[in-house]
Amino acid sequence: MNIWVPWVQRLADQGLAGAEKAFSVAQTTTGDALRTVRFLRGRQRFQARDEDIYVATYPRSGTTWLQYILHLLKGGADDFTHLSEVSPWWERCMALGYTSAERFELYQSPRVFKSHLPRQWLPQKGRFIYSVRDGLDVAVSYHMLYRSHLRFSGDFSEFYQRFLNGEVQYGSWFKHVEGWRRVAHEPNVQLVSYEDLQHNFVDTVANLCRFLGWSVSPDKLTQVEARASFPAMKAQEKKFDPITETLMHQGLYQGHFLRQGTSGEGKAVVTEAMRAKFEAACSVYYAHPEIEFDLPAFLH
Ligand code: A3P
């Protein structure tokens with residue numbers, strides 16, 4: 001056997017590995033750049049309206065629940081294949097080219113958008129409902145979503161470290177929540193908590209209606225509470241789950257987007273040491289008012 005063959009093969013393999021890495025970096029960078037440009041272009045052309053409503057959240061904080069509640073309060077029916085038809089994800093639709101700023105014009109007011117963006121990237125006009133959920137519960141729920149939807153196979157402690165470092169989609173929970181808390185005093189911003197919705201649905205939603213200037217009867221609130229209950233939504237989960245059948249063919253599976261809908265799971269799962277790291281991460285953003293957000297991270 002020619003002694004040069006293994007050596008040449010190794011060299012070729014190293015070259016290809018280098019090229020693969022470079023192309024992979026280029027692909028990610030190009031993908032990020034393309035989404036960012038599409039989004040920025042859409043944002044510039046978007047005609048904001050005073051009546052627009054944005055359900056803004058860090059993921060796993062009750063976004064879908066609130067979107068659906070608002071849809072029902074508006075008198076909407078369940079005649080959609082996916083919730084995004086009646087309540088689109090503002091930045092993602094434009095970033096991925098699913099829709100355009102012009103097509104948003106066709107929606108009747110009040111339009112209800114979903115967003116995971118920090119306040120700075122959203123339009124000036126509109127009303128903003130920001131939902132906050134216990135951070136530890138968010139971490140648990142997000143870990144499960146990473147496993148069911150994002151091909152993550154690590155255990156909770158591995159994910160938790162990433163979560164604390166903000167090395168997950170949409171960045172740091174601590175930074176996100178703190179950023180919105182700082183604008184909570186603005187008249188067109190209303191904070192709501194997932195736990196309040198869970199334990200005191202009627203009063204919490206009535207309060208949201210007051211913020212929106214909607215008058216809704218007690219009967220209607222009770223009806224909406226039943227239709228937007230966890231079991232009722234779970235029964236038609238496909239309408240809320242972003243995974244389509246096509247994605248299932250790629251090795252992802254449905255049935256886990258609306259997982260349990262409970263509070264306190266996080267506290268039960270974390271150790272004292274993990275909890276201490278959580279508290280420490282919280283204090284970082286209180287101490288640093290000069291928050292900057294990296295836009296591409298929000299456009300996946
Ligand atoms: P769990 O994973 O803890 O079950 P988002 O829509 O922001 O991604 O939030 C998803 C979380 O909200 C999931 O939490 C989901 O089950 C919960 N959720 C959705 N609809 C709910 C409802 N009607 N009641 C309670 N929780 C709900």
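Trainee: Why are Asp 32 and Arg 35 said to form a salt bridge?

Mentor: The closest N and O atoms of Asp 32 and Arg 35 are 2.7 Å apart. A salt bridge is a side-chain nitrogen of Lys or Arg within 4 Å of a carboxyl oxygen of Asp or Glu, so a pair at 2.7 Å qualifies. In general, side chains of opposite charge can pair when their charged atoms come close.

Trainee: What are these values based on?

Mentor: This is a predicted model, in which local features need pLDDT of at least 70 and side-chain atom pairs count only at pLDDT 80 or more, while totals for chains, interfaces and linings use all residues. Residues are numbered from 1 along each chain as its sequence is written, and side-chain values use heavy atoms, with hydrogens and water left out.

Trainee: Where do Asp 32 and Arg 35 lie, and are they buried or exposed?

Mentor: Both lie in helix α1, residues 4-45, at a spacing of three residues, about one turn of the helix. Helices here are DSSP runs of H or I with at least four residues, strands are runs of E with at least two, and both are numbered from the N terminus. An α-helix has 3.6 residues a turn, so residues three or four places apart point the same way. Asp 32 and Arg 35 are both buried. Buried means under 20% relative accessible area, exposed means over 50%, and partly exposed is in between, with a 1.4 Å probe and protein chains only.

Trainee: Which other pair shows a salt bridge, and what makes Lys 234 partly exposed?

Mentor: Lys 234 and Glu 237 meet through their side chains at 3.1 Å, N to O. Lys 234 has a relative accessible area of 28%, which is why it counts as partly exposed. Glu 237, at 8%, is buried.

Trainee: How do you know that Glu 279 and Arg 275 are about one helical turn apart?

Mentor: They are four residues apart in helix α14, residues 272-287, and that spacing is about one helical turn. Glu 279 and Arg 275 also form a salt bridge, with their closest N and O atoms 3.3 Å apart. Glu 279 is partly exposed because its relative accessibility is 40%. Arg 275, at 26%, is partly exposed too. The count for the model comes to eight salt bridges.

Trainee: What makes Thr 57 buried?

Mentor: Its relative accessible area is 0%, so Thr 57 counts as buried. Thr 57 belongs to strand β1, residues 53-57. Beyond its neighbours within four places in sequence, Thr 57 is in contact with Thr 63, Ser 115, His 116, Tyr 130, Ser 131 and His 176, where contact means heavy atoms within 4.5 Å.

Trainee: Why is α2 called mostly covered?

Mentor: In α2, 11 of its 11 residues are buried. Among them are Trp 65, Tyr 68 and His 71. After α2 comes Gly 75, whose phi is positive, near 90 degrees.

Trainee: How many residues surround the ligand, and which are the closest?

Mentor: There are 18, and the closest are Thr 63, Thr 64, Ser 141, Gln 260 and Gly 261. A residue is near a molecule or strand if one of its heavy atoms lies within 4 Å of it. The shell divides into seven nonpolar, eight polar and three charged residues. Ala, Val, Leu, Ile, Met, Phe, Trp, Tyr, Cys and Pro count as nonpolar, Asp, Glu, Lys and Arg as charged, and the others, Gly among them, as polar. The largest share of the shell, three residues, comes from α2.
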